[in-house]
Amino acid sequence: MVPLGNSLAAQSAVQGDVVVLGGGLIGTACAWRLAQRGHDVVLVDPAPGAGASYAAAGMLAPVSELHHGEEELLALCLLAAAGFADFAGQVSEASGLPTGYRACGTLAVALDAGDRARLARVRAAQTALGLEVEALSGRQVRQLEPFLDPSVCGGTLVRGDHQVNPRELLAALRVAAERAGVRSVRALGEVLVHEGRAVGVGLAGGGELRASLVVLATGARAHEHVPVRPVKGQIIRLCMPVGEHVLQRTVRGLVRDREVYLVPREDGELVVGATSEERGFDESVTAGAVHELLRDAQTLVPAVAELELVEVLARCRPGSPDNLPLIGFGPVPGLLVAAGHYRNGVLLSGLTADAVAALVSGEQVAPEVAACDPGRFGLRAAAREEVGTR
């Protein structure tokens, strides 16, 4: 075994308390929290952090992301948002690295009268749920963000919706996990089941990692074990001139009923996204999607046309049938699931890690987390068994 972040050839029958399968934000955060509680943790992933976490924009936006009929998800995300600053601070303290967390607020804007009416309906629903939102005129919106196009006719300010840089957060989590004793295997793994229970992970290069518990955190790739599906998202990264940020806060726009978001980073990066496509495990970038994202972003912020195009990529978000993540034991003993976080994986990373660590220790979780039990899909909830500590 070697420290997190280094490569390790496949080992045969290596023993540990917990094997975490999946090295994105969710899996790495879970590994870190479990190691902090004294567990001997091995993290398995062929390319840690190269999946959905790598493409994520990092919006921490439970209020702005409100969708009709998703009250349970809203409650879960509000709980996560309330603790995220503390989580990010703990990661920075443990690693000595920044996470890119910014308490900058989110501005939702409307291009035309139809968009403004839709935004007003969303705002009414937010207000009815007791969420803090502020209606703004077109003039007030442009006072906050002067680079917005004059045709923008109104908006909603959500002061409590913030952002983080997922790539910085993951880099810091990896260091924190390594310092806590998490070991890493860079290989493709699959859950080993023997006599009806998970007993570890088999490695594609040969060998096994035996463990008392397997945490399944492979995102959309968990579909072989639980009901999750890939939802393709294409996203663009631009670069703003040094000292000349075209936006100060996250902007979520409606452009003739199409949605687009722009997330500015302190380092000058501007993230523009993202599509939502039901195309299976397709991570190709298409000209049409890139054109539409840039067109709508430029419609809202004309200066986008002058920015350097740095990166275009696509990844698959892990969606669940009801858009709630799956956090809990099942479908076989010895397997704990942390998957299906869809568009809120970054926001829910800290909360999920805390929940997984609590469940392994036999502790109760908050009602908002209990609603995410995989048993709601008819999966047999596996009884918790003792997991040894170091």
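## An exposed loop residue

Glu 195 counts as exposed because its relative accessibility is 74% (exposed is over 50% relative accessible area, buried under 20%, partly exposed in between, with a 1.4 Å probe and protein chains only). Its phi is near 50°, a positive value in a residue other than glycine. Glu 195 sits in the loop between strand 10 (189–194) and strand 11 (197–203); strands are DSSP runs of E with at least two residues, and helices are runs of H or I with at least four, numbered from the N terminus.

## Basis of the model

This is a predicted model, in which local features need pLDDT of at least 70 and side-chain atom pairs count only at pLDDT 80 or more, while totals for chains, interfaces and linings use all residues. Residues are numbered from 1 along each chain as its sequence is written, and side-chain values use heavy atoms, leaving out hydrogens and water.

Arg 256 is not a glycine, yet has a positive phi of about 55°. Arg 256 lies in the loop between strand 14 (250–255) and strand 15 (258–264). With 51% relative accessibility, Arg 256 counts as exposed.

## Cis peptide bonds

The bond from Gly 273 to Ala 274 is cis, with omega near -20°. Ala 274 belongs to the loop between strand 16 (269–273) and helix 7 (287–300).

The bond from Gly 330 to Pro 331 is also cis, with omega near 5°. Pro 331 is in the loop between strand 18 (326–329) and strand 19 (335–339).

## Helix 6

The buried residues of helix 6 include Leu 169, Leu 173 and Arg 174.
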